[in-house]
Structure formats: C-alpha cells, structure tokens
Amino acid sequence: MTPDQQFARWIKGSVLAFAALFIYFLLADLKIPLTPQAMATRGVVKVAPQVSGRLQTLYVHNNQTVQRGDLLFALDPQPFRLAVEQAQLKLEEALQENAELDAQIVSAQADVSAAKVKLDLAERDAHRISELYARHVISQQSKDEADSTLHTAHATLKASEAALEQLRVSRGEQGDINLRLRVARNTLDQAKLNLTYSQVRASQDGIVTNLQLVKGAYASAGSPLLALVANQVDIIADFREKALRQVNPGYQALIAFDGQPGTIYAAQVTSLDAGVSAGQFDADGELATPSESDRWVRDAQRLRLHLSLTSDSQHLLPAGARATVQLLPENPMLATLARLQIHLLSLLHYIY
C-alpha cells in the first residue's frame with residue numbers, strides 16, 4: 001500500500017470517526033441529556049437578633065454543627081432585666097391606681113346619694129313654701145330662696161353624677177379586661193419577650209460558617225451577624241429546554257461532583273422551575289425591546305431542574321459544589337449509555 005493510499009485511508013477513517021462522534025453527541029443530547037451546569041446549594045439563614053444590645057457571650061465557633069434551638073450568642077441581659085422590672089412596677093402602679101379609683105368611686109357614689117337626699121329635701125321645702133306663698137303667709141324673698149336652694153340641689157346632683165361617671169370611665173372595666181391592666185401586662189410581656197430575645201438560638205439544624213463575631217460588638221436589631229447553612233442539599237441543574245420534554249418529578253438521574261472524581265451519586269428530579277429571568281418582564285411603562293441577533297442559529301434556552309440525592313451523603317457536600325448531572329432514560333440500552341457517559345466524565349475529573 002502506497003503512502004498516498006495510507007493517507008487516504010486515514011482521512012476516510014477520521015471523517016467516519018468524526019461523523020460517528022457527531023451523530024452520537026446529537027442523539028445523546030436528545031435521548032440521554034447531560035449538563036455540567038449544575039451545583040449543590042443549601043439554604044442559608046442570616047441570623048440577626050430581634051433586639052439591640054452588646055454581645056456578651058458567643059457559644060459557637062466557625063464551621064460548628066448546631067441543632068435547632070442551640071444557643072448561638074447572647075446579648076447583655078441587664079438592660080432587658082431592668083425593662084422587665086420597670087414593666088412590673090408599671091403593672092403594680094396600674095393596680096394601685098385602680099384601687100384608688102375604686103375608693104374614689106365609692107366616695108362619689110356617697111356624694112350622689114347625699115345630693116339626692118338634699119334634692120328631695122329641697123323639693124319638699126320648695127313645695128311647702130310655694131303653698132304658704134300662695135296663701136300670702138310668707139314673703140317673695142323666702143320663696144325665691146327656696147327656689148334657689150332647689151336649683152342648687154339639682155345642679156349639685158348633676159355634678160355628683162358627672163363626677164361619678166368620669167371616675168367610672170377612668171376606672172374602666174373590672175377584672176382582667178381592664179384597659180389599664182391590659183396595657184401594663186402587654187408591656188410586661190413585651191419586656192419579658194425582649195429578655196428572651198437577648199439569647200439568640202438556631203432556628204434550624206445547620207452549620208455556622210464565616211463567623212466574624214467577637215465579644216463586645218454591638219448588635220443592632222434586624223442586622224445579620226452570622227450565617228447558618230442548612231443541612232438539606234438542593235441540586236440545581238440547567239438543561240437545554242428541548243432535553244426536558246419527557247422529564248417530570250421523580251425522573252432518575254446520576255450526579256458526579258467535581259470535588260469527588262470517580263464517585264457517582266443517584267438522584268431524582270424534585271421539580272422544574274416555572275420560568276427563568278429571561279421570561280420575566282416588569283411593568284415599567286417602557287416599550288418592548290426586541291432581541292437583535294445576526295446569528296442563524298440562536299443560543300438554546302436553559303431551564304432549571306431541582307434534584308435531591310437518594311443517599312445519606314448530603315452532609316459531605318459544601319454549598320456551591322460544582323457537579324455534572326446525567327438524566328437516566330427508561331430505555332435499558334440508553335440508560336446503560338448514560339451510565340457509561342457519566343462514569344467517563346467522573347473519571348475525567350481526576351484530570352481537570
């Protein structure tokens with residue numbers, strides 16, 4: 001065989017190999033889709049105190065695993081204890097004010113009774129003097145004085161009844177529904193709640209990370225002081241939309257992480273995002289901006305899948321770990337090719 005014939009054979013073999021490889025990738029993208037655009041994510045809780053104060057005690061260290069309810073840090077409790085004591089004093093003061101008002105109400109009721117007696121007496125005197133005046137027994141001055149005494153008795157009764165009503169309104173309801181007591185007890189409950197807020201606890205199981213706190217730092221209410229990374233891992237993977245035509249929750253998959261070459265994890269699809277940011281538009285009053293491109297074949301849109309691992313190795317994966325996700329079709333032959341494909345890529349992670 002001449003050198004030209006050997007060269008021609010190499011050219012034909014290369015073309016056939018390229019064509020076969022092209023056809024394989026074309027079919028693989030349709031039947032056994034795979035993406036390197038995947039990542040392990042964890043929920044992150046930004047821990048912030050609900051009250052302001054000076055950091056007194058730090059109970060955790062960086063990258064410590066904590067359980068829900070564990071103490072993370074505590075603020076100086078003295079200001080909150082003083083607030084509780086002051087609220088208790090306010091409650092006692094409210095009770096004392098109510099007791100004083102009760103005594104004043106009793107006194108006002110006695111004044112009303114006395115005013116009624118005087119009014120009754122004045123009415124009888126006025127009636128008797130009017131009869132005597134009609135018989136010309138007494139003078140006009142005596143009658144005027146009796147009438148004046150009667151009017152004064154009426155006014156005194158009204159004033160006493162008004163003072164009694166004012167005291168009753170100021171006293172309010174009896175028992176626990178009394179407004180003054182409810183306000184005082186609410187203030188006391190809020191002070192006690194703030195005292196409990198001075199101790200900040202973990203809201204969920206997780207790992208404390210990137211801890212920068214030091215004792216003596218001032219903590220402001222609502223300002224995050226540390227991050228708590230949740231134990232639950234969510235794998236997100238971005239696939240071209242045409243590869244997800246048959247994919248539904250429960251669809252099986254295999255995952256290879258860059259940080260663990262040669263290891264394959266079984267997983268299943270949990271959900272598919274309802275959309276991506278490219279399909280979100282704000283009602284900003286602006287006109288539409290059509291996309292401009294001189295490309296004959298546009299870039300494929302990618303949609304996001306969420307997957308969960310079926311093994312108990314989630315705690316080994318840090319948030320942000322890069323991964324490659326291989327979807328497993330139901331066809332046994334295609335599933336075998338998919339396994340070979342992801343195993344080969346996992347081994348390649350030893351190199352890159």
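Reader: Which residues is Asn 178 in contact with, leaving aside its neighbours within four places in sequence?
Author: Asn 98, Arg 171, Gly 172 and Glu 173. Contact here means heavy atoms within 4.5 Å. This is a predicted model: local features need pLDDT of at least 70, side-chain atom pairs count only at pLDDT 80 or more, and totals for chains, interfaces and linings use all residues. Residues are numbered from 1 along each chain as its sequence is written, and side-chain values use heavy atoms, without hydrogens and water.

Reader: Where does Asn 178 lie?
Author: In the loop between H3 and helix H4 (179-197). Helices (H or I, at least four residues) and strands (E, at least two) are DSSP runs, numbered from the N terminus.

Reader: How do you know whether Asn 178 is buried or exposed?
Author: Its relative accessible area is 1%. Buried means under 20%, exposed over 50%, and partly exposed in between, with a 1.4 Å probe and protein chains only. So Asn 178 is buried.

Reader: Arg 171 was on the list of contacts. Is Arg 171 buried or exposed, and why?
Author: Arg 171 has 6% relative accessibility, so it counts as buried. The residue is found in helix H3 (residues 140-171).

Reader: Which polar contact does the side chain of Arg 171 make with another side chain?
Author: One with the side chain of Gln 174, at 3.0 Å. A polar atom of the Arg 171 side chain also lies 3.4 Å from the backbone oxygen of Asn 98. Arg 171 touches Asn 98, Leu 101, Asp 102, Ile 105, Asn 178 and Arg 180, not counting residues up to four places away in sequence.

Reader: Why are H2 and H3 called roughly antiparallel?
Author: The axes of helix H2 (residues 78-134) and H3 cross at roughly 160° and come within 8 Å. That makes H2 roughly antiparallel to H3. Angles under 35 degrees count as roughly parallel, over 145 as roughly antiparallel, 65 to 115 as roughly perpendicular and the rest as oblique. Axes are lines fitted to C-alpha atoms, for helices over the stretch in contact, and angles run from 0 to 180 degrees between N-to-C directions.

Reader: What is the hand of the crossing of H2 and H3?
Author: H2 passes H3 in a left-handed crossing. The near helix is then turned anticlockwise from the far one by less than a right angle; clockwise would be right-handed.

Reader: Why is strand E12 called largely enclosed?
Author: In E12 (residues 322-327), 5 of the 6 residues are buried, so the rest of the structure largely encloses the strand.

Reader: How do you know that E12 pairs with E1?
Author: Two strands pair if DSSP finds at least two bridges between them. Strand E1 (residues 34-47) has 4 bridges to E12, and the two run antiparallel. Ala 38 has Ala 323 as its bridge partner in E12. Strand E9 (residues 252-257) also runs antiparallel to E12, with 5 bridges. There, Leu 254 is partnered by Gln 326.

Reader: How many bridges pair E1 and strand E8?
Author: 9, in the antiparallel sense, with E8 covering residues 226-240. Ala 40 stands opposite Ile 235 in E8.

Reader: Why does Asn 63 count as partly exposed?
Author: Its relative accessibility is 49%, so it falls in the partly exposed class. Asn 210, at 54%, is exposed.

Key
A polar contact is a pair of N or O atoms within 3.5 Å; within protein, one must be able to donate a hydrogen and the other to accept it, and residues adjacent in sequence count only if both atoms are side-chain atoms.
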